[in-house]
Amino acid sequence: VFMFTLNSQKDVSAMSTEDKKRFKKLAALVFKEKNVSAYLVDKTSPEDPKKNIVSLQCEYYFEAGEKQGRLHLHGALKLTHTGNYQLSTERVRGVIERILGYKIHFNVQGKPDADAAWQAYMTKKQGTKTVEL
């Protein structure tokens with residue numbers, strides 16, 4: 001599983017409704033399951049990253065940071081596979097930068113146990129405010 005954080009770099013209280021909707025639509029587009037394979041690199045099948053995917057599921061939630069109030073999301077890409085996968089942060093950042101027109105913070109961590117990693121990530125939400133967009 002790949003755990004990720006995508007930060008808009010903007011204070012949610014200063015964002016317009018349209019800016020918030022745009023960030024939500026961006027997340028829906030970038031992390032749509034059919035689009036995610038474009039960011040995956042399979043070292044065992046570099047020419048076809050979809051070849052060794054058994055199943056793929058992507059989940060995320062939005063929140064505002066405690067100190068700076070920046071709108072961001074935390075998510076998990078759950079990947080069952082028979083290959084050797086990496087999630088290309090450069091590809092994800094490039095797509096997002098082209099859409100938004102500015103650089104964002106995007107961080108990824110790989111974890112071996114999808115369920116345990118997601119549960120730990122979800123319980124980490126201390127000092128932040130979940131945001132409904």
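A polar contact of 3.1 Å joins the side chains of threonine 5 and histidine 74; the term covers a pair of N or O atoms within 3.5 Å where, within protein, one must be able to donate a hydrogen and the other to accept it, and residues adjacent in sequence count only if both atoms are side-chain atoms. The model is predicted: local features need pLDDT of at least 70, side-chain atom pairs count only at pLDDT 80 or more, and totals for chains, interfaces and linings use all residues. Residues are numbered from 1 along each chain as its sequence is written, and side-chain values use heavy atoms, with hydrogens and water left out.

**Strands**

Threonine 5 lies in strand β1, residues 2–11. Strands (E, at least two residues) and helices (H or I, at least four) are DSSP runs, numbered from the N terminus. Threonine 5 is buried, at 13% relative accessible area. Buried means under 20%, exposed over 50%, and partly exposed in between, with a 1.4 Å probe and protein chains only.

Strand β4 spans residues 70–81, and nine of its twelve residues are buried, so the strand is largely enclosed by the rest of the structure. β1 and β4 run antiparallel, joined by seven bridges. Pairing of two strands requires at least two DSSP bridges between them. Leucine 6 has leucine 73 as its bridge partner in β4. Strand β3 (residues 53–64) is also antiparallel to β4, with eleven bridges. There, tyrosine 61 is bridged to histidine 74. The hairpin of β3 and β4 has five residues between the strands, and its glycine 69 takes a positive phi near 70°.

Methionine 3 also lies in β1. Its relative accessible area is 2%, so methionine 3 is buried. The C-alpha atoms of methionine 3 and valine 108 are separated by 5.6 Å, though the two residues are 105 apart along the chain.

**Rings**

The structure holds six aromatic pairs. Rings of Phe, Tyr and Trp (its six-membered ring) pair if their centres lie within 6.5 Å; planes under 30 degrees apart are stacked, over 60 edge-to-face, and the rest tilted. Two of the pairs are tabulated.

| Pair | Centre to centre | Angle between planes | Class |
|---|---|---|---|
| Phenylalanine 4 and phenylalanine 31 | 4.4 Å | 15° | stacked |
| Tyrosine 60 and phenylalanine 62 | 5.7 Å | 90° | edge-to-face |

Phenylalanine 4 and phenylalanine 31 are both buried. Tyrosine 60 is partly exposed at 28%, whereas phenylalanine 62 is buried at 9%. Ring pairs link Phe4, Phe23, Phe31, Tyr60, Phe62 and Phe106 into a cluster.

**Core**

In soluble globular proteins, nonpolar side chains tend to be buried together. A nonpolar core is a set of buried Ala, Val, Leu, Ile, Met, Phe, Trp, Tyr and Cys residues joined through side-chain atoms within 4.5 Å. The largest one has 30 residues, of which Leu6, Phe31, Leu40 and Leu77 touch the most other members. Elements giving two or more residues to this core are β1, α1, β3, β4, β5 (85–87) and α3 (89–100).

Beyond its neighbours within four places in sequence, leucine 77 is in contact with residues including Val1, Phe2, Phe4, Leu40 and Leu87. Contact means heavy atoms within 4.5 Å.

**Charges**

A search of the whole structure finds one salt bridge. The term requires a side-chain nitrogen of Lys or Arg within 4 Å of a carboxyl oxygen of Asp or Glu. Glutamate 59 and lysine 78 form it, with the closest N and O atoms 2.9 Å apart. Glutamate 59 lies in β3 and lysine 78 in β4, so the pair ties together parts 19 residues apart in sequence. Glutamate 59 is partly exposed at 24%; lysine 78 is buried at 16%.
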